[in-house]
Amino acid sequence: MYVALRDLRAARGRFALVGLVIALVAFMTTLLTGLAAGLVDDGISGLRQLPLTQLAMEPSSGGTFSRSVLTEENLAPWRAVDGVEASPIGVSFANAKDPRGKTVSIALLGVDEGSFLATRPEARDALAGPPGLVLSHELKEEGIEVGDELVVAGSDIRLPVLGFTYAGSYGHVDIAFTQLTTWQQVFYGDSARGRFSAVALRNEGGEEVPAATVARVDRAAGTETLTKTEAYAGSPGYSGETQTMSLIRGFLLVISALVVGAFFTVWTVQRTRQIALLKAIGASTSYVVRDALGQMAVVLVAATATGAALAWLLGLAISGTDVPFRLELMPVLGAVSLLFTLGLAGCLAAVRRITRVDPAGALRQVD
Amino acid sequence: MSLQLNGITVTVRDGRTDLIIVDGVDLAVAAGETVALTGPSGSGKSTLLSVAGLLLRPTAGRVTVAGVDVTDLKDRARTRLRGTTIGVVYQAANLLPSLTARQQVEVVAHVNGRLDRTARGRVVELLTRVGLEDRLDARPGELSGGERQRVALARALMMEPTVLLADEPTAALDPARAAEVNALLLEEAGRWGTATLLVTHDGADAAGADREIRLERPASIVV
């Protein structure tokens with residue numbers, strides 16, 4: 001990179017300009033990655049943290065709990081399978097009013113007493129007692145305390161807060177656990193007839209239930225089993241949000257690749273005679289390509305690292321606010337690496353041009 | 001002979017016709033000898049220089065450098081030879097805008113994988129020889145035309161070439177500077193024992209050479 005590094009210093013204004021554009025794209029890509037992760041969290045973190053591997057649901061419900069209604073008849077074949085833990089779960093959305101008259105939205109998860117879904121002893125104990133709610137930690141920040149009574153809108157059932165469990169949400173609403181019977185009372189009133197939304201599944205070892213078992217029992221139980229990840233799609237707005245974010249990030253990456261490619265192509269055209277001269281004084285094509293690629297890599301790495309670092313700092317500042325934002329190293333590294341790779345791919349046109357420069361062009365003037 | 005061209009013909013395609021630029025030229029330059037190549041515009045002087053500098057393959061004829069026939073060498077070997085055996089001084093200095101005078105010469109050693117302490121010492125020695133010891137860190141924009149050509153001469157001599165080719169190196173300079181640079185070129189070529197082929201329009205430049213070869217015949221068209 002003998003010439004490349006010196007070119008970077010000599011033409012720092014031009015490189016700073018393209019670096020700024022790349023840094024802005026990296027900034028926005030990182031920010032969007034954090035927002036996408038935050039939105040996903042907001043949409044499915046409550047479900048993700050449940051210790052289940054699959055969900056048996058009503059066929060064609062597509063992971064949407066409100067479209068899935070199962071009964072004991074669907075549950076029994078699953079419970080009969082050796083080595084498989086099966087627990088009914090009811091999921092619905094509700095509004096509840098706290099003692100101060102403030103209304104909060106909750107994703108109400110009805111769980112059977114003694115279910116493997118209640119992993120923490122305090123949650124198990126709470127759910128084994130009289131009807132009540134175990135709320136996501138997030139609701140603590142709304143000023144709700146243990147012992148407060150929440151009135152569930154519609155059913156007017158009063159449920160005391162029994163405790164708090166891990167922070168989690170579903171469909172952008174904080175989760176609240178309750179006993180399955182209480183959930184049925186809230187959702188169906190007196191006509192529940194043992195109905196619930198899905199059967200939570202896992203092998204006794206905590207692994208996924210094998211596909212062959214799933215297929216066999218699905219037929220007998222009249223259910224359709226989805227993996228936990230497949231069930232995310234049922235969260236309200238989940239698919240639309242993730243697809244929108246992916247589309248915006250995709251556009252940003254393509255724009256970045258085009259900008260980088262265009263800049264280095266123009267830069268190469270301007271340097272054609274210099275490259276010819278280098279070839280004329282003995283530089284092999286691989287030497288000039290290495291030199292140019294090294295220069296492109298330096299610009300890309302410096303700009304993407306700067307943009308991503310600034311977005312990370314901004315992310316740290318806003319992650320404590322109501323903006324759904326979650327920073328994770330791997331997705332950010334993935335996005336930045338993709339930006340770098342696509343940027344280099346955009347430079348291929350410039351590299352192709354470099355390989356074709358005729359050393360005889362050195363006979364013309366370069367300075 | 002350090003450089004030998006036998007029956008060199010260069011033809012280029014121009015639409016439906018073939019244009020003969022150089023037609024069967026024979027030429028030889030011995031070590032330490034300077035040959036001036038003169039002739040009117042369009043007589044093929046620069047084209048012949050490109051062939052000798054391995055920048056252009058002749059349509060017919062053989063090129064021998066330091067006793068080795070290099071006509072049919074592959075591109076990679078020709079590139080290597082250009083770096084190590086042939087030095088060229090162009091009509092315009094052709095310096096790289098981002099490099100200082102010192103780096104303009106160093107880069108030749110770098111591209112040929114030979115930039116070490118000895119090479120760095122030689123760079124300073126060469127630039128001192130051409131009178132630029134105080135301008136080592138000046139960029140092309142800070143150098144006069146004559147100084148740029150001196151840098152170009154030092155660059156051409158960096159790898160101790162067997163053959164030095166100069167394509168009207170003083171054409172862009174005023175007469176005083178031109179004479180100065182030309183004298184320096186001949187002196188340095190003689191000092192290093194290089195076979196020098198000097199393309200020139202200038203009778204004074206040609207007079208300083210050991211021999212003069214004149215190309216009279218302009219490009220001709222073959223239908």
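In strand 8 of chain B, T196(B) is the bridge partner of T34(B). Strands here are DSSP runs of E of at least two residues, helices are runs of H or I of at least four, and both are numbered from the N terminus. The model is predicted: local features need pLDDT of at least 70, side-chain atom pairs count only at pLDDT 80 or more, and totals for chains, interfaces and linings use all residues. Residues are numbered from 1 along each chain as its sequence is written, while chains are lettered from A and ligands numbered from 1 in the order in which they are written.

Strand 3 (residues 34-38) and strand 8 (residues 195-199) of chain B run parallel and are joined by 4 bridges. Two strands pair if DSSP finds at least two bridges between them. Both belong to an open sheet of 5 strands in chain B, ordered 6-7-8-3-9, with parallel pairing. Strand 6 (86-89) and strand 9 (211-214) of chain B form the edges, each pairing on one side only. On average, neighbouring strands of this sheet are turned by 20 degrees against each other, direction ignored. Axes are lines fitted to C-alpha atoms, for helices over the stretch in contact; angles run from 0 to 180 degrees between N-to-C directions.

Helix 1 of chain B is largely enclosed by the rest of the structure, because 7 of its 8 residues are buried. A buried residue has 20 or more other C-beta atoms, placed from the backbone, within 10 Å of its own; 12 or fewer make it exposed, and values in between partly exposed. The buried set is K45(B), T47(B), L48(B), L49(B), S50(B), V51(B) and A52(B). These residues pack against strands of chain B, among them strand 1 (3-14), strand 2 (17-29), strand 3 and strand 8. L54(B), with a positive phi near 60 degrees, follows helix 1 of chain B.

The contact between the chains takes 28 residues from chain B and 23 residues from chain A. Residues are in contact if their C-beta atoms, placed from the backbone, lie within 7 Å. On the side of chain B that touches chain A, helix 1 (45-52), helix 2 (75-84) and helix 3 (101-111) of chain B each give two or more residues. Helix 2 of chain B gives the most, with 6 residues.

Chain A is divided into domain 1 (2-44 + 239-363) and domain 2 (71-222), with bounds from an automatic or database domain assignment. Their centres, taken over C-alpha atoms, are separated by 47 Å.

Definitions and conventions. Contact = placed C-beta atoms within 7 Å.
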